[in-house]
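Hi,

Here is the structure I promised to pass on.

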Amino acid sequence: MNFSSRLLENAVNEFSKLPGVGQKTALRLVLHLLNQSSQEVENLSDALTRLKREIRYCKVCGNISDSEVCGVCSANKRDKSLVCIVEDTRDIMAIENTNQYNGVYHVLGGLISPMDGIGPSDLNIERLVERVKTGEIEEVILALSATMEGDTTIFYIFKKLKDLPVKISTIARGIAFGGEIEYADEITLARSIATRVPYGVES
Ligand SMILES: [Zn+2]
């Protein structure tokens, strides 16, 4: 692309680093912003700067939070003996939308993926083992996507937890999730958690 301005080119380059945004889309977004008021553009840039600077991760479950302990972990009415293990905050949003789950969560922050150079130590797994070792947790539900990365991660976590006094289950794997549980509709998702199955009985 030949740009008439270096500033324009810089902005387009930054936008096109975002997932799913090619140069054409980036250009469209940048030209759109250029037509907005200065205040609008400042609001956007402030939101992003504050997001990155001020965001925190719950010290219990690892979910994105505004405080040291997130709303779910600090709620008295949640069942702390039941922990749903998910890849990221999108999965929690999807499960919370079902209004059917009363346990708490543990956010891994990704899946094991040797192809992408992501190993177990890059994920929030040690903290999960520590949580289980406290003895407060009776069951963990592995709610990870039905992909090779999801399966690898499930198997790794199973090996880490299998000798601890905790029940390990997975959400029903036969249900079509479209790969990512965030895309599952609420009824399907709620049902797959309700009908979860014990993991690793045969191995
Ligand atoms: Zn939390």
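**Around helix 5**

Let me start with the cover over helix 5: its buried residues are covered by elements that include strand 3 (79-86), strand 4 (103-107) and helix 8. Keep in mind throughout that this is a predicted model.

Which residues of helix 5 are buried? They are D91, I92 and I95. Looking down the axis of helix 5, you find these buried residues within an arc of 100 degrees, so they line one face of the helix. Just past the end of helix 5, N99 has a positive phi of about 55 degrees.

Helix 8 runs over residues 186-194, and its buried residues are L189, S192 and I193. They too sit within an arc of 100 degrees when seen down the axis of helix 8, so they line one face of that helix. On the face turned away from the buried side, helix 8 carries the exposed residues I187 and A194. And what do the buried residues of helix 8 pack against? Helix 5 (89-98) and strand 5 (139-142).

Now for the geometry of the pair. Two packed helices are described by the angle between their axes and the distance between the axes. Here the axes of helix 5 and helix 8 come within 9 Å and cross at roughly 90 degrees. An angle of 65 to 115 degrees counts as roughly perpendicular, and helix 5 and helix 8 are therefore roughly perpendicular to each other. On the helix 5 side, the contact is made by A94, I95, N97 and T98; on the helix 8 side, by E186, L189, A190 and I193.

**The whole chain**

Stepping back, the protein chain has 8 helices and 7 strands. Its C-alpha atoms fill a box of roughly 65 × 35 × 35 Å along the principal axes. Of its 203 residues, 26% are buried. Among contacts with a separation of 6 or more, 57% are between residues 24 or more positions apart.

The chain is divided into domain 1 (6-54) and domain 2 (75-198), with their C-alpha centres 34 Å apart. An unreviewed UniProt entry lists residues 58-73 as "zinc finger region: C4-type". In the model, the end C-alpha atoms of that span lie 8 Å apart, and the span is 19% helix and 12% strand.

Cheers

Terms used. Residues numbered from 1 in each chain as written. Predicted model: local features only at pLDDT ≥ 70, side-chain atom pairs only at ≥ 80, totals over all residues. Domains from an automatic or database assignment. UniProt positions renumbered as here; feature names shortened; annotations may be inferred. Helix = DSSP H or I, 4+ residues; strand = E, 2+ residues; numbered from the N terminus. Buried ≥ 20, exposed ≤ 12 C-beta atoms within 10 Å, placed from the backbone. Contact = placed C-beta atoms within 7 Å. Arc of directions from axis to C-beta. Axes fitted to C-alpha atoms, helices over the stretch in contact; angles between N-to-C directions. Parallel < 35°, antiparallel > 145°, perpendicular 65-115°, else oblique.
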